[in-house]
Amino acid sequence: MTRANAPVVIDARAAARRELGGVERVAREMAAHLPRLRPGRYAVMHPPARLSQRAGHLWEQALLPVAARRARAIYCPANAAPLASRRSVVVIHDLAALRHPEWYSRQFATYHRRVLPLLARRARRLIAPSEFSRQEVAEGLGVDPDAIAVVPNGVDERFSPSADAERVRRTYGLARPYVLLVGTRIARKNLAALTEAARRLSELGVGVVSAGSVRHYTRPDETPPMRALGYVPEPYLPGLYAGALALAMPSLYEGFGIPVLEAMASGVPVVAADRAALPETCGGAALLVDPDDEAALRDALVQAVTDEELRRKLVRAGLERASHFSWDRAAAATDAVIDDALADAE
């Protein structure tokens with residue numbers, strides 16, 4: 001790690017992780033797009049890969065602030081920041097660990113309960129990815145909602161109806177048509193609610209395929225009958241989406257929900273929970289269902305798979321919705337927030 005001479009340092013600890021979830025994807029995309037947007041303004045600083053996970057707390061809290069001491073601001077895109085710094089622009093994606101500690105290890109939930117309020121008070125600026133998360137952060141951490149900027153996440157242009165689905169089918173042996181689930185295996189993803197849907201889809205010759213790993217700090221839920229691929233490397237994700245008949249996202253809590261946009265950009269109908277940030281992100285381009293109603297989830301997925309007129313409608317609406325989100329746009333909005341933070345420091 002080299003000492004930063006740029007005005008703004010990007011804390012890329014989460015971007016250095018080998019497996020990407022939503023938080024890691026945001027960190028990686030911002031670490032790539034912000035320096036391209038403003039050459040000379042940003043320096044990306046990340047630890048060795050071995051320090052990107054739990055051991056990275058020491059790097060983030062002790063080593064990063066020293067290396068970034070000449071910087072005027074530190075942009076932290078992943079729910080964490082150096083506690084000693086009052087120069088941080090921090091992205092808080094959601095308050096899942098505070099609202100539902102039962103979904104996480106005790107250590108993880110305790111850490112976030114203690115640290116997030118401190119970060120919120122000490123940060124120069126706060127960013128949330130959705131209006132839902134802005135209100136959550138304001139209420140849960142005692143912050144004026146007007147002090148929190150909303151910067152929606154993006155979707156990469158790699159996600160397209162023309163992505164190579166056949167290569168993915170061959171690689172993973174996906175012989176049957178499938179409904180796709182994407183996300184870390186954690187109880188809040190509510191996969192067990194798809195048990196009835198999985199059985200009915202199987203009767204129709206359609207499988208359920210999940211992509212996502214289990215994290216050491218999460219508590220997984222029971223799962224429906226499905227093909228679990230585990231973590232799917234980045235090069236295969238676009239084709240995995242493009243080959244799906246539908247995306248199911250029955251989550252009980254999401255601060256944004258990047259997979260729904262990736263599916264929409266891939267020309268895939270989406271069935272999502274009518275809860276938390278998902279209605280906001282979907283913007284009327286998905287079938288929204290009560291995630292506690294297994295029969296409703298079953299019926300919506302069957303309809304999304306079998307009703308051709310509905311499928312065409314959802315695909316058109318989804319492609320239009322996804323076109324409004326890009327990482328370039330997210331980077332420009334983030335840079336504007338950082339502009340304000342730098343102006344305050346003068």
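Contact here means heavy atoms within 4.5 Å. The model described below is predicted.

**Helix α7 and its cover**

Helix α7 spans residues 195-203, and its residues T195, A197, A198 and L201 are buried. Seen down the axis of α7, these buried residues fall within an arc of 160°, so they line one face of the helix. The cover over the buried residues of α7 includes β7 (178-182), β8 (207-211) and α11 (294-306). On the face turned away from the buried side, α7 carries the exposed residues R199 and E203. After α7 comes G205, which has a positive phi, near 85°.

An α-helix has 3.6 residues a turn, so residues three or four places apart point the same way.

**The parallel sheet**

Six strands form an open sheet in the order β2-β1-β3-β4-β5-β6, and the pairing is parallel. At the edges are β2 (42-45) and β6 (148-150), each of which pairs on one side only. From one strand to the next, the twist averages 25°. Helix α2 (residues 56-67) packs on the sheet, where α2 touches β1 (8-11), β2 and β3. The direction of α2 makes about 160° with that of β1.

Strands of a sheet pair through backbone hydrogen bonds, either parallel or antiparallel.

| Strand pair | Sense | Bridges | Residues opposite each other |
|---|---|---|---|
| β3 (73-76) and β4 (88-91) | parallel | 3 bridges | C76 and V90 |
| β5 and β6 | parallel | 3 bridges | I127 and A149 |

At the β6 side, I127 stands opposite A149.

**The α9 and α12 crossing**

Two packed helices are described by the angle between their axes and the distance between the axes. For helix α9 (residues 258-265) and helix α12 (residues 308-322), the axes come within 7 Å and cross at roughly 115°. This crossing of α9 and α12 is left-handed.

Which residues of α9 and α12 meet? From α9 there are L261, M264 and A265, and they meet G318, L319, R321 and A322 of α12. By class, the contact of α9 with α12 has 5 nonpolar, 1 polar and 1 charged residues. Gly counts as polar and Arg as charged.

Terms used. Residues are numbered from 1 along each chain as its sequence is written. This is a predicted model: local features need pLDDT of at least 70, side-chain atom pairs count only at pLDDT 80 or more; totals for chains, interfaces and linings use all residues. Side-chain values use heavy atoms; hydrogens and water are left out. Two strands pair if DSSP finds at least two bridges between them. Helices (H or I, at least four residues) and strands (E, at least two) are DSSP runs, numbered from the N terminus. Axes are lines fitted to C-alpha atoms, for helices over the stretch in contact, and angles run from 0 to 180 degrees between N-to-C directions. Buried means under 20% relative accessible area, exposed over 50%, partly exposed in between (1.4 Å probe, protein chains only). The arc is that of the directions from the helix axis to the C-beta atoms. A crossing is left-handed if the near helix is turned anticlockwise from the far one by less than a right angle, and right-handed if clockwise.
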